[in-house]
Amino acid sequence: MKNEGEASEQPDNTAFTQQQLPAWQPILSAGIVIPGFLIIGLAFLGIGIGLFLTSQTIQVLEMDYTGVEKDSPCFQCTIQSVQNCTCEVTFSLSALFTGPVFFYYGLSNYFQNFRKYGVSKDYYQLTGDTQYFKSPRDVCFPYSHDSKNNPIVPCGAIANSMFNDTFELYQIINGTKKKVPLDGKGISWWTDFNIKYRNPSSVNGSFASAFDGTVKPINWPKAAYELDLTDPNNNGFLNQDFLVWMRRAALPQFRKLYRRITEGDYAGGLPAGNYSLTVHYNYPVLSFDGRKKLVFSNVSWMGGKNDFLGIAYLVVGSLCVVMSVVMLIVYAKFKFSDDDDA
Amino acid sequence: MTWTNPLTLLRHGWTRHWNPDRPVRTVVSNLPFEDLKKREQPNRRYEGNAIRTNKYRLWSFIPMNLFEQFHRMANIYFVGLAILNFVPVVNAFQPEVALIPICIILALTAVKDGWEDFRRYQTDQQLNNTPCFIFSRKQMCFVERRWKDVRVGDFVRVLSNEIIPADILLLHTSDPNGVCHMETANLDGETSLKQRKVVPGFSSLGEPFQPQTFDSTVVCENPNNNLNLFKGYVERPDKRRTGFGIDSLLLRGCMVRNTDDAAGIVVYAGHETKSMLNNSGPRYKRSKIERKMNTDVLFCVVLLFFMCLIGALGHAIWLETFSSMPSYIVPDSNGNYTPSVLAGFYMFFTMIILLQVMIPVSLYVSIELVKMGQIFFITQDVELYDEELDRRVQCRALNITEDLGQIQYVFSDKTGTLTENKMVFRRCSVMGTEYCHEENVVVPDRKLILEVDRQMASIQTGPYLDFFLALAICNTVLVSSVTAQRQRVRVNVADLAGAERVGDVLRALTHSTKTRGGETLADPFSIDEDESDGFHSSDVSDAAGQKVISSERKVKSGLSGSEEVCYEAHSPDEAALIHAAKAYGFTMMERTPHYVTVKLPDEALLKFEVLDILTFDSTRRRMSIIVRHPHTKEIIMYTKGADSAIMERLGNVFSVKSEAKQTAVKTQRDLDMYARNGLRTLCFAKKVISEQEFRAWSAVRQEALSAIEEKEERLMETANFIESSFTLLGATGIEDRLQESVPETIQALRRAGMQVWVLTGDKPETAINIAYSCKLLEHEDLVFTFISVILQSLCKMRLEDTLGELRRSMLPPGADHQFRGYSSAFTGPLMEPSIGLVIDGPTLSMAMSDELVEQFVELCKHCRAVLCCRVTPLQKSAVVKLIRQKLRVMTLAVGDGANDVNMIQAADVGIGVSGQEGMQAVMASDFAITRFKHLQRLLLVHGHWCYSRLANMVIYFFYKNVAYVNLLFWYQFFCGFSATAMIDYWLMIFFNLFFTSAPPIMFGIMEKEVSDSTLLSLPELYKRGQHSEGYRRSTFWIAILDAFYQSLVCFFIPYWTYNGSDIGIFAFGTPMNTVSLFTIILHLAIEIKSWTAVHWVIMIGSVLVYFIVTLAYSAICISCNPPSDPYWIMHKQMADPMFYLVCILTTVVALLPRTFFTEILLLWSEKERSANGSKLYTG
């Protein structure tokens, strides 16, 4: 029970409490929707044409070098017993491959997105924290210690499975091989190289001593501090190839940047002619039906070659136009029948 | 408040266990044992007065709250998932991270519960520490203590306007008559005073109360929650027993009024008091949508199961394809690989963790929020606010708002619900002469006044005087003293004051008439001329009119003077009668148990000694008061009652003396006329009892009163004995006017497809009359009447006949009226022959017997309106239950009185009208309104809105979760079914928690599909809710299908765009997350029909929040959540034009079908509408 002096129960008479706020009621009448569909359709057609044409200008050269077929150059390397196998893949360009040319290696049926694989790395190790060199985190298991219980650095399945084929590219001019300089700088993400990954600080001036008491990953031919002995900035965890590999691919068919061709005579691209690729074949994929390939590509503002998006825009654009026509017909029919009735 | 902690339960259980040996409670005074230890106290087994309604204590809060929360299915699901995540072989995320959602939900709920509980604790403390007076033997007086110190057996004194601390047996009051008034507003909201009497033999007039001398034993029932029943006796040391009943019990929580102080012995304390036992917490009803929703949640579970199964099988098969394990498959510790079948089995559980959002657990939290918002807007509606009572619509049940939009049957009470229940004295018939009164106020009839004056002047007695005396004293109205006038807003204070002022004016008028009366005697003819057409206030002659005005001014200025008398009437009928008597100058001035004082028109006071009061009961249907006339010393009994209850007990009717017979016949004729006009009739009669007769009867009566066995029956017998051979005085016709807009409301409800039933206790004639005037029945309706069918076989026959007739008339089948929306507006009411049914209580009980019930229900299905008269409260609820169960329809019951409580509780939605008859109906209801007409807006507007809002929101929620979760599912086909998420786990949590949670909640609270004016003008739109069109199984599946389609688009367009490229996992997930957000938000935007500023802010805000949070997160989080590394991904993506191209294309493709079909449907319906319009136009 209330006293008379108390405030009244009367609700506030405001637009909000009375649910009478000024409101915009979009009326999707034919007069708006049909032109709307038409405009969207036309705009999409425009974008689609632009994308498609851009995509057409991008040159791509792909070569499978897995060596499944007997006549393929790398067939001999697929035989298990062969060590340090090298094979040579040749190709010829009939026209200039405009630069800058990006040189990728590609893998298929390779599931870098497998969940347990993705978990299997120790971030703290990779920031150069030597404490985790002694005892890698459990997530790396079973790639955290070798059979003698020595800690593995860098630990984990991702690092362990690092791609280790290497390539050399030669242009064949009059029978002689001219080495095409490959630029390995800056092929990884800037943030990975500069912020995320850190090398351990050198002990007594020796970078290798920082890794004392640890062993290299089982599948690696050499330790992390030996990845690039020529360039200390490209060594250890900051090795560009290592960084590229550590950024896991989203889909089982992927390519990763290997090098760019930006220097010397080839800054403007690969001129027409015959080329030879020397492949140091180390990485096994046949056991799981995988494929390895080499990709040369140049890029545009939309990245690599991508016909799908352009075509999709074209299809959807025309679909919108068709829909607007259908709606127009339906609308006109109703209008007419109305007129008849009236 | 319902919750009792285990300890109390244990204690209760123990007491209960202990009690059966002693079906009664024995209480002795605590005083002789005051110094003894607790163990030796005689009343130690009874609960103390301290109450504790809070659930938790400080130390037990966390375990108990968690225990409680884990009773909810949703939380168990969450915890199950979190635990699953700790099992290494099946975990999908970082185990700690997976705990976040459950922790957030548990913490929020715990904070809410803790806060509520703390407030309960505070209230309890406040109550427990309220001061009160307990008698102390040491100090030989009442000393101030706290409520919590009160124990059973203590003597407690309560002063005026204080709240009673426990259930106290009244032993002493300051009132010389041993009565005490109590206001029960805190208990049942009733503001009228209840009178309580001291246990007979303990009221020692004027003496101070001396508890130390109390040596008797109180024996009473064990605690129960019946507020109106209490039995027991006081046994004195000499084994004399004095009985007492509820009228000697002061109830905890009530307030003592008009009595300086009252004292007594505590019989029940604390949780055992009647008010605490009555405290059942808020009502929990499950709404229809929620029931349906739960089955759809089950569908989601099934869907989830199959998705996980696909994941498990897929994983196993995928593993089987490898002849030797590739380097990306991680072996276990021994370098072995898990067998693929086992890995698949594990994967099943991992998938459950990954796809957990499929089960929309957040839906339950969101629904609670939405309903809070809906209730806020309902209670804020100014249209539903009653200025007169200063009361808005109350929502007492918090979770059935949307049921208001699905009502199919409305059951209404008549009195006070359809009608005002403000009784207006309209007509009276005295000694066979009929007098009519003005509509609004009691304007005395001049002829009647003359008659009264004539009798006053001449003989001081006579039937006219007796009639008004009976009006004035034959009731239970209390006069509240002016000094104790309470400060409060009373339901009818304004009216009473108004009536009173009018009464005063009229007294002045009477006075003027009287002076004119003097002239009249000199010249009678002029007056006759004047009054031949009856008296109308507007016709007051100019001279008189001026006087009225001047006197009115005087009255206004002197309104707060001491002359003011305020009546506390139990029923509005009594108030109307006593005010009518007052208008004629018979003012009841005072009422005590032994005397009643009446002021006569000539200002003389008559003080009647009250010898006995035979209170009203529904079997006798009359009440009597036996008084001794102060002048003549005659013992007179005045009786009022229903016409049948009086007429058949008249004396002298069959004697030759034709005058009495004539009067009876004439009065009966008038009564019939009253009933036809829809007036409530009462008869007044008188009987003079001789001294010996009374003495003999009184002895029998006393015996009956002190009887314990068959007390009621014996009392009834004695009453029936004395109430006979009446002399008829007259009859009154009281009008209970229809509330405003009742016919319009009923018609609107009808047009909205609701069947309206009126259930009333009134007699058929009155009820039918009201039914016609409120348009429940219309004159062209085919009305079947089932009244006073005595035999069951007869009833059966008539039911069959009627049904046969109906079937014949239905043959041209216009019956299938499943038209919706606009079409039914034109076809429905025109084609359907409308059928009404009138049935009375006894016939109803026959019709509802097992053998006839099917036919009766069949008949009811055909009836557009049903009127049940003379039904009991129990029958009301039985009817509601019957229709609800047999026809499986949504029912709504609306009523205002205690007799409607059963019905209100039986219906799906119970609505209480807070009116003149106390608050019991309101207390039992889900929603409380003040006027019947509010029902129209409450159902047609708010019901419709709440229903469509909630239905749309629930559907949207299912869609949203499925659409989002399926992205993850499709990805499984490209990651070897290894339960990898391409979206950062934190972002997934944020997605549900921040980015997409506000829009649907806003949608559920604020969406306005149709404006209120349209809804009110086209009640047919309500049928959408009735047929559950907003939320059907098909709607659900369409939403799920659309979700599947959209998720496919949102996954595969980015997939085909990026396939074969060098994109990383989380860079691949970012555009997907973004397009999902756009799709989900824009999908809602298509559904929203009216955009206010709030909509814009929330919708655009959600998108902005997404980008801001994601950018900030991927800028800060260098490596916070392995294995995902969100660092700089969003920034990199947003710098790439491809990202935008993908987003635009995907969003458009995802929403294209929905937009297209919505548009086509819109065009279609436009055509339909225009076609209908033209048909109507030409036809």
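Which residue is the bridge partner of B:Val430 in strand 17 of chain B? The partner is B:Thr433, and the views below start from that part of a predicted model, in which local features need pLDDT of at least 70, side-chain atom pairs count only at pLDDT 80 or more, and totals for chains, interfaces and linings use all residues. Residues are numbered from 1 along each chain as its sequence is written, chains are lettered from A and ligands numbered from 1 in the order in which they are written, and side-chain values use heavy atoms, with hydrogens and water left out.

**View 1. Strand 16 of chain B and its hairpin with strand 17 of chain B.** Helices (H or I, at least four residues) and strands (E, at least two) are DSSP runs, numbered from the N terminus, and two strands pair if DSSP finds at least two bridges between them. Strand 16 (residues 419–430) of chain B and strand 17 (residues 433–436) of chain B run antiparallel and are joined by 4 bridges. The hairpin that they form has 2 residues between the strands, and B:Met431 in the turn has a positive phi of about 50 degrees. Strand 16 of chain B is also joined, through 8 bridges and again in the antiparallel sense, to strand 26 (residues 727–738) of chain B, where B:Ala731 is the bridge partner of B:Ser429. Because 11 of its 12 residues are buried, strand 16 of chain B is largely enclosed by the rest of the structure; here buried means under 20% relative accessible area, exposed over 50%, and partly exposed in between (1.4 Å probe, protein chains only).

**View 2. An open sheet of 4 strands in chain A.** Strands of a sheet pair through backbone hydrogen bonds, either parallel or antiparallel. In this sheet the pairing is antiparallel and the strand order is 1-10-4-7. Strand 1 (60–64) and strand 7 of chain A stand at the edges with a single partner strand each, so one side of each is left without a neighbour in the sheet. From one strand to the next the twist averages 20 degrees, where axes are lines fitted to C-alpha atoms, for helices over the stretch in contact, and angles run from 0 to 180 degrees between N-to-C directions. Strand 1 of chain A is joined to strand 10 (residues 291–298) of chain A by 5 bridges, and A:Glu62 has A:Val295 as its bridge partner. Strand 7 (residues 254–261) of chain A is mostly covered, since 7 of its 8 residues are buried.

**View 3. The interface of chain A and chain B.** The contact, meaning heavy atoms within 4.5 Å, takes 86 residues from chain A and 95 residues from chain B. The area buried between the chains is about 8,000 Å², of which carbon and sulfur atoms give 65%; buried area is the accessible area (1.4 Å probe) that two parts lose on being put together, summed over both. In chain A, the residues that lose the most area to chain B are A:Gln19, A:Phe114 and A:Arg115, together 10% of what that side buries. Across this interface the rule finds 0 salt bridges, a salt bridge being a side-chain nitrogen of Lys or Arg within 4 Å of a carboxyl oxygen of Asp or Glu. Helix 8 of chain A gives the largest share of the side of chain A that touches chain B, 16 residues.

**View 4. Salt bridges within chain B.** Side chains of opposite charge can pair when their charged atoms come close. B:Lys876 and B:Asp413 meet in a salt bridge at 3.1 Å, N to O. B:Lys876 lies in helix 26 (residues 873–886) of chain B and B:Asp413 in strand 15 (residues 409–413) of chain B, so the pair ties together parts that are 463 residues apart in sequence. Both B:Lys876 and B:Asp413 are buried. The side chains of B:Arg1154 and B:Glu1087 meet at 2.8 Å, N to O, and this pair links helix 38 (residues 1137–1178) of chain B with helix 35 (residues 1065–1087) of chain B, the two residues being 67 residues apart. B:Arg1154 counts as buried at 18% relative accessibility, whereas B:Glu1087 counts as partly exposed at 24%.
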